[in-house]
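Here are a few exercises to work through with the model open beside you. Try each task before you read its solution.

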Amino acid sequence: MAISLMSPSRVSPVRIALLLTALMPIVAACDKDESASAATEMSEPEVTVVTIKPEARAVIRRLPGRIAAMPVAEVRPRVSGIVVERLLHQGSEVKAGDPLYRIDPKPFEIEVLSNEAALAKAEAKLRQALRQAQRMSYLAKKQHCIRGGE
């Protein structure tokens, strides 16, 4: 049983591709005569001329880079304590003597009161020692007078 290439029941994409490949040289040969005549009809291309003049121009260079922060300053406390409030704002300018933080004052107030009490106690002991020294001096003079009178 013979099957023709064009039977609608058995046409596959591979057969269509083979048929088109075989017909390509024939179709290309038809165009050769027209393209050859078109090439002879083409004239020379137009050329424009530009005169270059020297001009001063600003040289701008854009270079990729990264920005680094200024040197970081370390903030060290003079005393220890619990920070109650932060007065320093990130990135703001700080001058010598500016308060940066507020520390809980209660421990320091207690220490001041304790030191004042110790000072008052020492002053009381000094006054007592001075009175004792005066008394001893008075008694020593009195006894010297009593012995010296014998």
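**Exercise 1: a residue on helix α1**

Ile 26 is exposed, at 52% relative accessible area (exposed is over 50%, buried under 20%, partly exposed in between, with a 1.4 Å probe and protein chains only). This is a predicted model, where local features need pLDDT of at least 70, side-chain atom pairs count only at 80 or more, and totals for chains, interfaces and linings use all residues. Numbering runs from 1 along each chain as its sequence is written, and side-chain values use heavy atoms, leaving out hydrogens and water.

Task: Find the nonpolar surface patch that Ile 26 belongs to.

Solution: Start in helix α1, residues 13-41, where Ile 26 lies.

**Exercise 2: the salt bridge**

Task: Which side chains meet in a salt bridge (a Lys or Arg side-chain nitrogen within 4 Å of an Asp or Glu carboxyl oxygen)?

Solution: First, the count by this rule is 1. Next, the partners are Glu 85 and Arg 102, at 3.1 Å from N to O. The pair links distant parts of the chain, 17 residues apart: Glu 85 sits in strand β1 (residues 83-86) and Arg 102 in strand β2 (residues 101-103). Finally, check the cover: Glu 85 is partly exposed at 36% relative accessibility, and Arg 102 is partly exposed too, at 40%.

Definitions and conventions:
Patches are made of residues with over 30% relative accessible area and no salt bridge: like charges are joined within 9 Å, nonpolar side chains (Val, Leu, Ile, Met, Phe, Trp, Tyr) within 5 Å. Accessible areas come from the Shrake-Rupley method with a 1.4 Å probe; for residues, only the protein chains shown count as cover. Helices (H or I, at least four residues) and strands (E, at least two) are DSSP runs, numbered from the N terminus.
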